[in-house]
Amino acid sequence: MRDPRLAGDGRVVLGDGTVHETDLVVGAVGDIPNTEWLASTGPVSNEVVPVDDRGPVRPEIAAAGDPAAFPTASGVRRIPLWNSVIEQAKVAATVLLRGPATPSPDFRTEQFGLTLQVAGHLQVTGPPGYVDGAPGGPVLLRRAGTDVAAAPNYRIPAPRLRGVGLGVA
Ligand SMILES: Cc1cc2nc3c(=O)[nH]c(=O)nc-3n(C[C@H](O)[C@H](O)[C@H](O)COP(=O)(O)OP(=O)(O)OC[C@H]3O[C@@H](n4cnc5c(N)ncnc54)[C@H](O)[C@@H]3O)c2cc1C
């Protein structure tokens, strides 16, 4: 919900006027890709730039970065994170110059003391399985039936994490 307002008396007023009483508010910031400047050029659809899984919008034009939405194992997705954006750019450039390549969805981020590494096409539903560690500490997680592995505060080389996601490490 956009434009929530803290009323200061334990109430949160959402943009549509709904009021919630609460002791705790957890904020989360989303992102909207800036595609307005591309509006008249054709490749924008629903505020994203649909590409195939290798970057090209058309044979001679590629898109990479936050606005690019490409087919993944979890459907058509944007992956607005540094590692993926750099991978997308490398793949798109390689495809334009040399032909087929595929971007990696893996990423690493640090937020409020938490270091998070993820391999695979992230899904946000369903419980993960613990490969190593226990709740509250550094853990290595895997979602069965997907290619996803996650390592919150858990040190593991990226290629090995990818192997865990694929069930081969
Ligand atoms: C607050 C915040 C925290 C983040 N933290 C993380 C994190 O911890 N880990 C992580 O992986 N990702 C993080 N991200 C996401 C990451 O920053 C983006 O996914 C990434 O920067 C997107 O790269 P991009 O090249 O698509 O766009 P950008 O990095 O936004 O680059 C676009 C560039 O194009 C320029 N530009 C725009 N319009 C024009 C124009 N008309 N002509 C010429 N130039 C133009 C802009 O000035 C900008 O320099 C964070 C993002 C935000 C906002």
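Colleague: Which domains give residues to the shell around the ligand, and why does the ligand lie where it does?
Modeller: This is a predicted model. Domain 2 (36–98) and domain 3 (107–166) both contribute residues to the shell, so the ligand lies between them.

Colleague: How is the chain divided into domains?
Modeller: There is domain 1 (1–30), then domain 2 (36–98), then domain 3 (107–166). The centres of domain 1 and domain 3, taken over C-alpha atoms, are separated by 30 Å.

Colleague: Back to the ligand. Which residues are around it?
Modeller: They are Trp 37, Gly 65, Asp 66, Pro 80, Leu 81, Trp 82, Asn 83, Val 85, Phe 107, Thr 109 and Glu 110. By type, the shell divides into 6 nonpolar, 3 polar and 2 charged residues.

Colleague: Let us take α1. What span should its 17 residues have?
Modeller: At 1.5 Å a residue, α1 should span 24 Å, and its end C-alpha atoms are 24 Å apart, which agrees.

Colleague: Which residues of α1 are buried?
Modeller: The buried residues of α1 are Ser 84, Glu 87, Gln 88, Val 91, Ala 92 and Val 95. Viewed down the axis of α1, these buried residues fall within an arc of 135 degrees, so they line one face of the helix.

Colleague: Which exposed residues are on the face of α1 turned away from the buried side?
Modeller: That face carries Trp 82, Leu 97 and Arg 98. Trp 82 is also one of the residues around the ligand.

Colleague: What follows α1?
Modeller: Gly 99 follows α1, and its phi is positive, near 110 degrees.

Colleague: Now β9. How many bridges join it to β10?
Modeller: There are 5 bridges between β9 and strand β10 (residues 114–119), and the two run antiparallel. Phe 107, a residue of the ligand shell, has Val 118 as its bridge partner in β10.

Colleague: What lies between β9 and β10?
Modeller: The two strands form a hairpin with 2 residues between them. Phe 112 is in the turn, with a positive phi of about 50 degrees, although it is not a glycine.

Colleague: Is Phe 112 buried or exposed?
Modeller: Phe 112 has 4 C-beta neighbours inside 10 Å, so it counts as exposed; a residue is exposed if the number is 12 or fewer.

Colleague: How does β10 pair with β13?
Modeller: β10 pairs with strand β13 (residues 149–152) in the antiparallel sense over 4 bridges. Gln 117 has Ala 151 as its bridge partner in β13.

Colleague: A change of topic. In what order do the strands β1, β2 and β3 form their open sheet?
Modeller: The 3 strands form the sheet in the order β1-β2-β3, with antiparallel pairing. β1 (5–6) and β3 (19–21) are the edge strands, each pairing on one side only. Strand β2 (residues 11–13) and β3 are joined by 3 bridges, and Arg 11 stands opposite Glu 21 in β3.

Colleague: What is the phi of Glu 47?
Modeller: The phi of Glu 47 is positive, near 70 degrees, in a residue other than glycine. Glu 47 is in the loop between β3 and β4. With 14 C-beta neighbours inside 10 Å, Glu 47 counts as partly exposed.

Colleague: And Val 49, is it buried or exposed?
Modeller: Val 49, in strand β4 (residues 49–50), is buried, with 24 other C-beta atoms within 10 Å. Val 49 and Thr 35 are 14 residues apart in sequence and 7.9 Å apart in space, C-alpha to C-alpha.

Colleague: Finally, how many helices and strands are there in the chain?
Modeller: The chain has 2 helices and 13 strands. Of its 169 residues, 22% count as buried. The C-alpha atoms fill a box of roughly 60 × 45 × 25 Å along the principal axes.

Technical notes:
Residues numbered from 1 in each chain as written. Predicted model: local features only at pLDDT ≥ 70, side-chain atom pairs only at ≥ 80, totals over all residues. Near = placed C-beta within 6 Å. Nonpolar A, V, L, I, M, F, W, Y, C, P; charged D, E, K, R; others polar. Domains from an automatic or database assignment. Expected span 1.5 Å × (residues − 1). Buried ≥ 20, exposed ≤ 12 C-beta atoms within 10 Å, placed from the backbone. Arc of directions from axis to C-beta. Pairing = 2+ DSSP bridges.
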